[in-house]
Amino acid sequence: MSIGVNCSHCFPRHRPYSPTIVSSSSSLSSIIVCNMDTSAGPSLFPLHRCKTLHLVRHAQGIHNVDGDKNYKAYMSPEYFDAHITPLGWQQVDNLRKHVHECGLAKRIDLVITSPLLRTLQTAVGVFGGDGYTDRMDVVPLMVANAGNSGRAAISSLNCPPIVAVELCREHLGVHPCDKRRNISDYQFLFPAVDFSLIESDEDTWWKADVRETKEEVAARGQKFLNWLWTRKEKEIAIVTHSGFLFHTLSALGNDCHPLVKKEICKHFANCELRSMVIVDRSMIGFDPSMTNYPGKTPSGLDLPSDVVDEKAD
């Protein structure tokens, strides 16, 4: 399940007692049980070298409707930077209700989104604040009717920061639905979303006649996961795309039980959320533990009994 030089592992978040996964069930825990080899017993990892990821595929876009019937529809210029359908907005509302009812909305430190219209709409709709009230000191996450949505403006209050990142974009090239608009256009539609990590206003990544290979998508996904270790946040929601998720996750899990591998990399439905834990095995991250305590305060003699036994031998 390694990526790159064995830097990270990714596991389903909901298996707190299985020896074949990584999970943490308490904010007071300083280690988590896992097993990188399906033939071996449990091993341990420091909690501060792990992050919880909540992976979300965008809601139904206009391109998905015809694309499900005829793959060639994805080549249509009319689906350039496809927006969410009315059914897609219903999916957004249902996922939003779920993340609030299960308490996830209060735990997420950061939301990362692909900078395409359908992922931006999904991210702000699911993880944004409530209805926006016009005021001078606060800008909305999304203006009213953004992307012909017919939706009211969304508030940026009482929600985690939302940051757009190019690395988690969909499979690049050829398909117009996967080409983004200028960032300046998105900034008008999503004023409180942070686009500062995107270097170019125009889309310089998408090529009309060159399609990324599956291996290139997986490599970009690896780079994205490695980049996550530069972030201080521990619980992160990522709103992205089916192809990006599938090819990134399919490169992981090779040292898991086959059923766990299948669970990790199966295709995502529209607006599906799947929680994972990634483990930093090569010390890419630098975050200190927020819960470990050094002990010996005040200082005193504390020679362990097993050390005394060893000296006696």
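Predicted model: local features only at pLDDT ≥ 70, side-chain atom pairs only at ≥ 80, totals over all residues.
Strand pairing first: I count two strands as paired if DSSP finds at least two bridges between them.

Entry 1: I looked up how β4 and β8 run against each other, and they pair in the antiparallel sense over seven bridges. Which residue of β8 does His54 stand opposite? I found Ser275 there. I then checked the cover on β8, residues 273-280, and noted that seven of its eight residues are buried.

**Entry 2: cavities.** My search of the whole structure turned up two cavities of 30 Å³ or more. By element, β4 (50-57), α6 (214-228) and α7 (242-250) each give two or more residues to the lining. Which element gives the most? My tally says α7, with four residues.

**Entry 3: His241.** I went to the loop between β7 (235-240) and α7, where His241 lies. Is His241 buried or exposed? His241 has a relative accessible area of 0%, so I put it down as buried, the cut-off for that being under 20%. I listed its contacts, leaving aside neighbours within four places in sequence. Among them are Arg57 and His58, then Ser114, Leu116, Arg118 and Thr119, and also Cys168, Arg169 and Glu170.

Definitions and conventions:
Residues numbered from 1 in each chain as written. Heavy atoms only, no water. 1 Å grid on protein atoms, 1.4 Å probe; cavity = no way out; pocket = protein on both sides within 12 Å on 5 of 7 lines; lining within 4 Å. Points joined across faces, edges and corners; volume = space filled by probe spheres on them. Buried < 20%, exposed > 50% of the residue type's maximum accessible area, 1.4 Å probe, protein only. Contact = heavy atoms within 4.5 Å.
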